[in-house]
Amino acid sequence: MRRYALVAIGGGFGSLLRFAIAQWMAPMPVWSPLSILLINVSGCFLIAFLNFVSDPAGEIYLGPNSRVFLMVGVCGGYTTFSTFSLISFNALRHNTVLDLWLNIGLSHLLCLLAIWIGALVASVLPRAVAIFARWLRS
Amino acid sequence: MLATILVFIGGALGSIWRFWWSGWVAERFGETFPFGTLVVNVVASALLGLVSGLILRLGATDTAAALQQFISVGVCGGLSTFSSFSLQTWNLLMERRWLAAIANIIVSTAVCLASIALGWQASVSVHL
């Protein structure tokens, strides 16, 4: 039951953040699918980072409740597959085939890249922080 | 202020729905392939297609704006997820299950796009 409450609150805040960024970027003279692309890519970076630092099989910096709140709630609510699909559908409807393939190609490619970078950063960060702390103490 | 509340509650409900269903599907069909995420993304896409078609027909009304904020941004956005989808694709790649990883990308993209079209088509027959 507590898990459901954590997912609800995390998902609410994640969705609000997505809404705020999309609203903020809407009047900008940029490629219109860019806001959702940036949201999904940054969410992928975040989930891979969190996955690494809360992995039950590895060194744990975050407990299981934080893991559910942040990964299932915040990241899940923040990123969206449905709007990504709607953008593809609208590109099809308006016959802008280049937009369709750019949206699909860039989303999958950049999100996988973000997953890789997120895990990479998480794997070196604890050691980097430890080295920095030692340097501060010296 | 109303928009903030609608998005928050919609996103919270969508996220609970995703947590509940993806867990249930994973339990029944196993976690060898991310069926749970696929199912929630497909359902969210069908719902978004339906609601987007309705919003277009409603035009610039308060009802349309509220539907957009509560269902499109909130519920559909909270229910569907790109981050878990990409993380699961990445995990399949790390396990060297190339075919499953590529199938996850192609099937998710194609079926969700088809679901949007299906929902959009269904919205035509709704009497407003």
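Helices are taken here as DSSP runs of H or I with at least four residues, and strands as runs of E with at least two, numbered from the N terminus. By that criterion, chain A of this predicted model has five helices and zero strands, and its sequence follows the pattern α-α-α-α-α. The C-alpha atoms of chain A fill a box of roughly 60 × 40 × 30 Å along the principal axes. Of its 138 residues, 46% count as buried. Among contacts in chain A with a separation of 6 or more, 73% join residues 24 or more positions apart.

The interface between the chains brings 38 residues of chain A into contact with 39 residues of chain B. Each helix in the table supplies at least two residues of the side of chain A that touches chain B.

| Helix of chain A | Residues |
|---|---|
| α1 | 2-25 |
| α2 | 34-53 |
| α3 | 64-78 |
| α4 | 82-93 |
| α5 | 97-137 |

The largest share of that side, twelve residues, comes from α1(A).

Leaving aside residues up to four places away in sequence, A:Phe49 touches A:Gly118, A:Val121 and A:Ala122.

In chain B, helix α1 covers residues 2-29; at 1.5 Å a residue, its 28 residues should span 40 Å, and its end C-alpha atoms are 40 Å apart, so the two values agree. Just after α1(B), B:Gly30 adopts a positive phi of about 80°.

Methods: Residues are numbered from 1 along each chain as its sequence is written. Chains are lettered from A and ligands numbered from 1 in the order in which they are written. This is a predicted model: local features need pLDDT of at least 70, side-chain atom pairs count only at pLDDT 80 or more; totals for chains, interfaces and linings use all residues. Two residues are in contact if their C-beta atoms, placed from the backbone, lie within 7 Å. The expected span of a helix is 1.5 Å times one less than its number of residues. A residue is buried if 20 or more other C-beta atoms lie within 10 Å of its own, exposed if 12 or fewer, and partly exposed in between; C-beta atoms are placed from the backbone.
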